Amino acid sequence: MDVHSTLPRRMPDVPELNLTPDTSSLKTTTLYSINAITTKEELSSLQEDWNRLSETAERPNVFMTYDWFRAWHQLRSREQHRGLRRPNVLVLKKDGAVAGILPLIYRETSRFGLTVRKLEFVGREADYNDFVLGDDPAGQTEALVHFLAQTQDQWDLIDLRDLRETGNTKALIENILSDTGLMCRILPEEERCPYLPIDGPWSELVNRLSPSPRHALRNQQSRLNRMRAEGLRVRILENPLDEPGLLEKLIALESQKHVHGELSQPFIAKYPEVFQSLFDTLGPRGWFYLALMEMGERPIAWRLGIEQR
């Protein structure tokens, strides 16, 4: 979802006089006040409240945690050599307590001499992005969108790419935007994240499939049974830190992965410091698990899983 400011766009030859928004609270409703966190120090002070909200949200997921945001923001900030990039995390409070968070960053991009000021989620590595809200999602979403409308002189474009649809999220945002006069458009998904709901025993799930995939799965199962007699095993690591040298093992296996006969592009090997940070911070708290397939003591395959609570 893209949201566009209705104010005139800043011309490239006009100097920017105020790159840092006013972080004083704006009363958007009678219930909530909102301010923007824009510095590393302010972000660190939000960790405890952010962890609390991400753990107790109605639909918690790892992509809305403080440590996910911090790890990817640090990496992307080091990679950006032109323009300004900083946190722009909106903190929503009720009676002085943090009740919701919209985890955005502010980034300036330039093209053909025109600078665009964007508010967006921290990166595109997540399966989806989300607001970190408390027990009043509709009211808090409305307050946050109205705040963005009130501060539209500080941005040109808001990119809510891969926003998770939880039933009526997009419709709610569109209705609020229509009241504020802001323009928006819904873009089609560039890449879907398929999943298989596990709502029964494995035998029942297999029987629901059409004959061809059912036959293929049973052949693969027979092959695995033969390999098990030769020393094949699968371990589930509930905490990645329990396995010494795990990251190095994953990177070594990833470097051998082929797709359609060609080596695939690495992912974990491309961001080892990010995943080590995520293992260190989120692993002990149960957000990640890892399925490791081994032939004897030799790892031959792995799958990183994410707990949905």
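How many bridges join strand β3 to strand β5, and in which sense do the two strands run? The legends below begin with this pair; the model shown is predicted.

**View 1. Strands β3, β5 and β6.** Strand β3 (residues 33-37) is joined to strand β5 (residues 89-94) by five bridges, and the two run antiparallel. Within this pairing, isoleucine 37 stands opposite valine 89 in β5. Strand β5 also pairs with strand β6 (residues 97-102), again in the antiparallel sense and over five bridges. Here lysine 93 has valine 98 of β6 opposite. A hairpin is formed by β5 and β6, with two residues between the strands. In the turn, aspartate 95 has a positive phi of about 55°. In a regular strand, side chains alternate between the two faces of the sheet.

**View 2. The open sheet with β12, β15 and β16.** Three strands make up this open sheet, in the order β12-β15-β16, and their pairing is antiparallel. Strands β12 (232-237) and β16 (298-306) stand at the edges; each has a single partner strand, so one side of each lacks a neighbour in the sheet. On average, neighbouring strands of this sheet are turned by 15° against each other, direction ignored. Strand β15 (residues 288-295) is joined to β16 by eight bridges. Phenylalanine 288 stands opposite isoleucine 306 in β16.

View 3. Is phenylalanine 63 buried or exposed? Its relative accessible area is 9%, and phenylalanine 63 therefore counts as buried, the cut-off being under 20%. Leaving aside residues up to four places away in sequence, phenylalanine 63 touches Trp68, Ala126, Asp127, Tyr128 and Ile306. One of these, tyrosine 128, is 65 residues apart from phenylalanine 63 along the chain, yet the C-alpha atoms of the two are separated by 7.2 Å.

**View 4. Arginine 76 in helix α3.** Arginine 76 is found in helix α3. With a relative accessible area of 17%, arginine 76 is buried, because the value falls under 20%. The side chain of arginine 76 makes a polar contact of 2.5 Å with the side chain of glutamate 79. Not counting residues up to four places away in sequence, arginine 76 touches Arg85, Val122, Glu125 and Tyr271.

**View 5. Helices α4 and α5.** At what angle do these two helices pack? Helix α4 (residues 137-150) and helix α5 (residues 169-180) pack at about 40°, and their axes are 10 Å apart. The two helices are therefore oblique to each other. Their crossing is right-handed. On the α4 side, the residues that meet α5 are Ala138, Thr141, Glu142, Val145, His146 and Ala149. Their counterparts in α5 are Leu172, Ile173, Ile176, Leu177 and Thr180.

**View 6. Buried residues of helix α9.** Which residues of helix α9 (residues 272-282) are buried? They are Val274, Phe275, Ser277, Leu278, Phe279 and Leu282.

Notes:
Residues are numbered from 1 along each chain as its sequence is written. This is a predicted model: local features need pLDDT of at least 70, side-chain atom pairs count only at pLDDT 80 or more; totals for chains, interfaces and linings use all residues. Side-chain values use heavy atoms; hydrogens and water are left out. Buried means under 20% relative accessible area, exposed over 50%, partly exposed in between (1.4 Å probe, protein chains only). Contact means heavy atoms within 4.5 Å. Two strands pair if DSSP finds at least two bridges between them. Helices (H or I, at least four residues) and strands (E, at least two) are DSSP runs, numbered from the N terminus. Axes are lines fitted to C-alpha atoms, for helices over the stretch in contact, and angles run from 0 to 180 degrees between N-to-C directions. A polar contact is a pair of N or O atoms within 3.5 Å; within protein, one must be able to donate a hydrogen and the other to accept it, and residues adjacent in sequence count only if both atoms are side-chain atoms. Angles under 35 degrees count as roughly parallel, over 145 as roughly antiparallel, 65 to 115 as roughly perpendicular and the rest as oblique. A crossing is left-handed if the near helix is turned anticlockwise from the far one by less than a right angle, and right-handed if clockwise.
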